[in-house]
Amino acid sequence: MNSSLTLWRIIIVAVSAAGLTDEQREEVVHALPGYPTMSDDVATGQLIVEFDLEASDEQDAINQGEKLFTKNAREILGDVLTYVGITAWREGDDSSIPRDFLQLVGYAEIASLLQVSRQRVRELAETRADFPAPIARLAMGPVFTLRSVQDFLDRWDRRRVGRPKKARV
């Protein structure tokens with residue numbers, strides 16, 4: 001190990017891996033360096049991927065982790081695997097282990113989570129007082145914390161509305 005490099009543990013939370021086969025998931029994870037693991041968050045349907053790499057500092061570790069994850073997913077799946085969170089901590093430094101890091105989502109990720117269209121998410125965000133407030137507005141649209149959207153989903157009295165069924169004659 002180069003003395004100027006430190007071993008970092010990377011955690012990436014992917015939006016949804018529901019459409020992937022077990023073989024594809026394992027192939028993406030095992031292409032990553034340093035004892036990669038994956039687990040499913042049953043509550044959110046998200047895939048949590050962890051792996052180790054050497055980097056000079058935390059930002060370098062995050063940048064390298066992002067590039068490796070994106071490159072491997074693109075090569076193996078032919079597309080990127082969207083993720084909502086990435087963090088890094090120094091191996092062996094228990095005080096820096098992230099307990100709960102900020103995960104961000106936009107309309108597309110919320111639509112996947114709520115199983116509705118992006119247009120429906122926008123409608124909910126603009127018309128419901130109990131929909132969480134965005135923490136930022138970017139060119140791509142408003143950005144929310146995943147936790148606030150999950151809290152909304154837990155409270156949402158979802159009524160399936162739409163076209164009424166035709167009456168039988």
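**Loop residues with positive phi**

I started at Gln 115, which counts as exposed at 64% relative accessibility. My cut-offs: buried is under 20% relative accessible area, exposed is over 50%, and partly exposed is in between, with a 1.4 Å probe and protein chains only. I found Gln 115 in the loop between α3 and α4. Phi of Gln 115 is near 60°, a positive value in a residue other than glycine.

I then turned to Tyr 35. Tyr 35 sits in the loop between α1 and β2 (37-41). Its phi is near 55°, again a positive value in a residue other than glycine. I noted Tyr 35 as exposed, with a relative accessible area of 69%.

**Ground rules**

I am working with a predicted model, where local features need pLDDT of at least 70, side-chain atom pairs count only at pLDDT 80 or more, and totals for chains, interfaces and linings use all residues. Residues are numbered from 1 along each chain as its sequence is written, and side-chain values use heavy atoms, with hydrogens and water left out.

**Whole chain**

I logged 5 helices and 7 strands for the chain. Helices (H or I, at least four residues) and strands (E, at least two) are DSSP runs, numbered from the N terminus. Along the sequence I read β-α-β-β-α-β-β-α-α-β-β-α. Of the 169 residues in the chain, 35% are buried. The chain exposes about 10800 Å², and carbon and sulfur atoms supply 48% of that area. The areas come from the Shrake-Rupley method with a 1.4 Å probe; for residues, only the protein chains shown count as cover.

I also checked contacts, meaning heavy atoms within 4.5 Å. Among contacts with a separation of 6 or more, 62% come from residues 24 or more positions apart.

**Strand residues**

Leu 7 lies in strand β1 (residues 6-14). I have Leu 7 as partly exposed, at a relative accessible area of 30%. Between the C-alpha atoms of Leu 7 and Glu 58 I read 9.9 Å, for residues 51 apart in sequence.

Thr 87 belongs to strand β4 (residues 83-90). Thr 87 is buried, with a relative accessible area of 10%. Thr 87 and Ile 12 are 75 residues apart along the chain, yet their C-alpha atoms are separated by 6.8 Å.

**α1 against α2**

Two packed helices are described by the angle between their axes and the distance between the axes. Helix α1 (residues 22-30) packs on helix α2 (residues 58-77) at about 140°, with axes 9 Å apart. That makes α1 oblique to α2. Axes are lines fitted to C-alpha atoms, for helices over the stretch in contact, and angles run from 0 to 180 degrees between N-to-C directions. Under 35 degrees counts as roughly parallel, over 145 as roughly antiparallel, 65 to 115 as roughly perpendicular, and the rest as oblique.

From α1, Gln 24, Glu 27 and Val 28 meet Phe 69, Asn 72, Ala 73, Ile 76 and Leu 77 in α2. I sorted the residues of this α1 with α2 contact into 5 nonpolar, 2 polar and 1 charged. Ala, Val, Leu, Ile, Met, Phe, Trp, Tyr, Cys and Pro count as nonpolar, Asp, Glu, Lys and Arg as charged, and the others, Gly among them, as polar.

Ala 73 is buried, with a relative accessible area of 0%. Beyond its neighbours within four places in sequence, Ala 73 is in contact with Val 28, Gly 78, Asp 79, Val 80 and Leu 81. The C-alpha atoms of Ala 73 and Gln 24 are 9.1 Å apart, for 49 residues along the chain.

**α3 and its partners**

Which angle do α3 and α4 make? Helix α3 (residues 107-114) and helix α4 (residues 118-127) pack at about 100°, with axes 8 Å apart. That makes α3 roughly perpendicular to α4. On α3 the contact uses Tyr 107, Ala 108, Ile 110, Ala 111 and Leu 114; on α4 it uses Arg 118, Val 121, Arg 122, Leu 124 and Ala 125. By class I have 8 nonpolar, no polar and 2 charged residues.

Last, I took α3 with helix α5 (residues 146-155): about 35°, axes 11 Å apart. Ile 110, Leu 113 and Leu 114 of α3 touch Leu 146, Val 149, Gln 150 and Leu 153 of α5. This α3 with α5 contact divides into 6 nonpolar, 1 polar and no charged residues.
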